[in-house]
Amino acid sequence: MIINESAGSGGDAMPWYFRRAGVGKLVGTRTWGGLVGMAGAPPLIDGGMVSAPSSAIYNPRSGEWEVENIGVAPDIEVEQDPALVRKGRDPQLEKAVEVVLEDLRNNPMPTLRRPRFPNHRASSQELMSGSK
């Protein structure tokens, strides 16, 4: 998964879940770390509102709060190079593709085998002839 400093909220949560699930590697730069949710803010009489954080992510294994004000660090740090981007290149995407191709070489997909189609005709003919 490609991540960068412009990713916040769901862009912080998704890489956190992705890593936690062990799906693959994170490539790019640390996300910005804006992942505290607010819900149920009451409206004020003048049209304003009061808000307070009501949810955040913590790691149940360590018992520590995570992501908020920290972000999610990549497994492989790749800065975006503006000069290369202007030339139509994307260093983060290129590295991510390289990593995925290497992972596929090292962990190839299993060969799937489909069974032969069953022959129900023979058993229905036996039933009709009374041989079974």
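What is the volume of the largest pocket?

1. **Basis.** This is a predicted model, where local features need pLDDT of at least 70, side-chain atom pairs count only at pLDDT 80 or more, and totals for chains, interfaces and linings use all residues. Residues are numbered from 1 along each chain as its sequence is written, and side-chain values use heavy atoms, with hydrogens and water left out.

2. **Pocket volume.** The largest pocket has a volume of about 160 Å³. A pocket here is an open set of points on a 1 Å grid over the protein atoms alone, where a 1.4 Å probe fits, with protein on both sides within 12 Å along at least five of seven lines. Grid points are joined across faces, edges and corners, and the volume is the space filled by probe spheres set on the points.

3. **Pocket lining.** Lining residues have an atom within 4 Å of a point. Among them are Met-1, Phe-18, Lys-25, Val-99 and Asp-103. Helix 3 (residues 91-106) gives the most, with 5 residues. Helices (H or I, at least four residues) and strands (E, at least two) are DSSP runs, numbered from the N terminus. By class, the lining has 8 nonpolar, 1 polar and 2 charged residues. Nonpolar means Ala, Val, Leu, Ile, Met, Phe, Trp, Tyr, Cys and Pro; charged means Asp, Glu, Lys and Arg; the others, Gly among them, are polar.

4. **Lys-25 and Asp-103.** Both residues line the largest pocket. Lys-25 sits in the loop between helix 1 and strand 2 (27-28) and Asp-103 in helix 3, so the pair ties together parts 78 residues apart in sequence. A salt bridge is a side-chain nitrogen of Lys or Arg within 4 Å of a carboxyl oxygen of Asp or Glu. Lys-25 is partly exposed at 36% relative accessibility. Asp-103 is partly exposed too, at 27%. Buried means under 20% relative accessible area, exposed over 50%, and partly exposed in between (1.4 Å probe, protein chains only).

5. **Other salt bridges.** The whole structure holds 5 salt bridges. One joins Arg-19 to Asp-75, at 3.0 Å between the closest N and O atoms. Arg-19 lies in helix 1 (residues 10-21) and Asp-75 in the loop between strand 4 (64-65) and strand 5 (76-77), so this pair links parts 56 residues apart in sequence. Arg-19 is partly exposed at 35%, and Asp-75 is partly exposed at 42%.

6. **Within helix 3.** Glu-98 and Lys-95 meet in a salt bridge (3.0 Å, N to O). Both lie in helix 3, 3 residues apart, about one turn of the helix.
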